[in-house]
Amino acid sequence: MIVYTSIKDIQSAIRQHRADGHSIGFVPTMGALHRGHISLLEQSIKENDINIVSIFINPIQFNNKQDLEKYPRTLEDDCKKLEEAGCSIVFAPSAGEMYPEEVKEHYDFGQLEKVMEGEHRSGHFNGVAVVVKRLFDICMPNKAYFGEKDFQQLAIIKALVEQENMPLEIIGCPIIREEDGLAMSSRNVRLSPEERSIAPEIFKSLNWIRQQAGERSIGEILILAEEKLNAMPGMKVEYICIADEDTLMPVQSWDEADNIRAFIALFMGDVRLIDNLKIK
Ligand code: AMP
């Protein structure tokens with residue numbers, strides 16, 4: 001496994017691989033790797049000759065300065081995990097390498113960026129689109145792998161690739177969970193033991209929504225689920241949304257769309273957690 005920090009160096013290695021006819025799989029991450037990230041790499045390894053993982057904490061996608069400062073940084077440990085899992089290339093650039101000049105790009109994803117994460121994290125998806133576009137240009141993958149954990153991000157990346165006519169395939173991969181149901185996240189290490197013991201309530205709540213679907217109205221479910229989560233010590237719901245999986249527009253009734261998914265974002269203390277579950 002080779003670790004690159006320079007764009008020029010990784011590009012010349014990738015050009016050689018492409019000239020040799022190797023297919024390239026790519027997994028962008030912000031590091032502090034867990035089994036969720038590794039599952040994306042494993043999928044990539046099954047489908048490609050050369051597998052690249054990027055580790056870059058992208059400053060321009062953080063709308064909260066404290067969240068950026070407190071984001072876990074564990075590069076050495078991450079590289080060990082990636083080597084064990086069979087990664088070929090790690091790309092770990094500095095912020096100066098990725099952004100030598102002021103970022104000026106502005107993307108428009110229409111309604112897709114106006115709900116949920118887009119509504120609550122101003123500028124977040126533009127920051128994501130800018131970095132992912134640059135990473136795709138540098139790594140030139142045939143396929144790139146993203147987790148359904150960030151379901152809206154996956155939809156935004158698919159829209160980006162279509163808008164920019166980029167010649168690659170985006171593959172969505174299932175959410176990997178802890179045994180108690182908590183979705184794996186780099187931010188979970190920031191939870192206190194008490195917060196960690198309560199955090200699986202998020203997944204329980206999503207399952208409760210699935211059980212109640214068809215029995216109660218969406219309006220009633222949203223109120224009850226929010227009340228229940230807010231009653232947990234330290235939990236503060238930011239949003240619960242039941243939406244059409246394809247457009248991400250909120251739905252008012254269960255027969256409004258064929259594919260429906262429930263989404264939750266909440267704070268546990270100052271740690272922001274998100275999760276989602278297919279309902280229909
Ligand atoms: P991050 O490092 O949080 O930016 O995540 C990098 C990639 O890993 C994104 O495509 C995430 O959706 C994905 N990911 C994060 N957590 C999980 C998880 N628990 N299961 C599956 N994929 C995940």
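**Between the domains**

Modeller: This is a predicted model. About 1,800 Å² of area is buried between domain 1 and domain 2, and carbon and sulfur atoms give 59% of that.

Biologist: Where do domain 1 and domain 2 run in the protein?
Modeller: Domain 1 covers 2–173 and domain 2 covers 186–275. Taken over C-alpha atoms, their centres are 26 Å apart.

Biologist: How many residues of domain 1 and domain 2 are in contact?
Modeller: On the domain 1 side 23 residues are in contact, with 18 residues of domain 2.

Biologist: And how many salt bridges are there across the interface of domain 1 and domain 2?
Modeller: Five salt bridges are found across it. There are also seven residue pairs in polar contact across the interface, both residues being at pLDDT 80 or more. On the side of domain 1 that touches domain 2, α3 (65–70), α6 (116–120) and α8 (151–163) each supply at least two residues.

Biologist: Let me pick a residue. Where is Arg272, and is Arg272 buried or exposed?
Modeller: Arg272 is in strand β9, residues 271–278. Arg272 has a relative accessible area of 13%, so Arg272 is buried.

Biologist: Which side chains make polar contacts with the side chain of Arg272?
Modeller: The side chain of Glu117 does, at 2.9 Å, and so does the side chain of Glu238, at 2.6 Å. Residues that Arg272 touches, leaving out those up to four places away in sequence, include His120, Arg121, Arg187, Tyr239 and Phe267.

Biologist: Switching to the core. Which residues have the most contacts inside the largest nonpolar core?
Modeller: That core has 49 residues, and those with the most contacts inside it are Ile10, Ile52, Met98, Phe136 and Ile170. Helix α7 (residues 124–139) gives the largest share, ten residues. Domain 1 and domain 2 each contribute at least three residues to this core. As background, nonpolar side chains in soluble globular proteins tend to be buried together.

Biologist: What does Phe136 touch?
Modeller: Not counting residues up to four places away in sequence, Phe136 touches Phe26, Pro141, Ala144, Phe146, Ile157, Val161, Met166, Leu168 and Ile170. Apart from this core lies another one, of 28 residues, with Met235, Val251, Ala257 and Ile279 among them.

Biologist: Now the backbone. What is phi for Asn165?
Modeller: Asn165 has a positive phi of about 50°, although it is not a glycine. Asn165 is in the loop between α8 and β6 (169–173). With a relative accessible area of 66%, Asn165 is exposed.

Biologist: And Leu248, what is its phi, and is Leu248 buried or exposed?
Modeller: Phi of Leu248 is near 65°, again positive in a residue other than glycine. Leu248 is found in the loop between β7 (235–244) and β8 (260–268). Leu248 counts as buried because its relative accessibility is 0%.

Biologist: Where is Gln111, then?
Modeller: Gln111 is in the loop between α5 (95–98) and α6. At a relative accessible area of 49%, Gln111 is partly exposed. The C-alpha atoms of Gln111 and Thr247 are 8.2 Å apart, although 136 residues separate the two along the chain.

Biologist: Back to charges. How many salt bridges come out by the rule?
Modeller: The count is 18. One of them pairs Lys143 with Glu47, at 3.3 Å from N to O. That pair links distant parts of the chain, with Lys143 in strand β5 (residues 143–147) and Glu47 in helix α2 (residues 35–47), 96 residues apart.

Biologist: What about Lys65 and Glu69, how are they placed in helix α3?
Modeller: Lys65 and Glu69 are four residues apart in helix α3, so about one helical turn separates them. Their side chains meet in a salt bridge of 3.6 Å, N to O. Lys65 is exposed at a relative accessible area of 64%, and Glu69 is exposed at 53%.

Note on methods
Residues numbered from 1 in each chain as written. Predicted model: local features only at pLDDT ≥ 70, side-chain atom pairs only at ≥ 80, totals over all residues. Heavy atoms only, no water. Core = buried A, V, L, I, M, F, W, Y, C linked by side-chain atoms within 4.5 Å. Buried < 20%, exposed > 50% of the residue type's maximum accessible area, 1.4 Å probe, protein only. Domains from an automatic or database assignment. Contact = heavy atoms within 4.5 Å. Buried area = accessible area lost by both parts, 1.4 Å probe. Salt bridge = Lys/Arg side-chain N within 4 Å of Asp/Glu carboxyl O. Polar contact = N/O pair within 3.5 Å; in protein donor to acceptor, adjacent residues only side chain to side chain.
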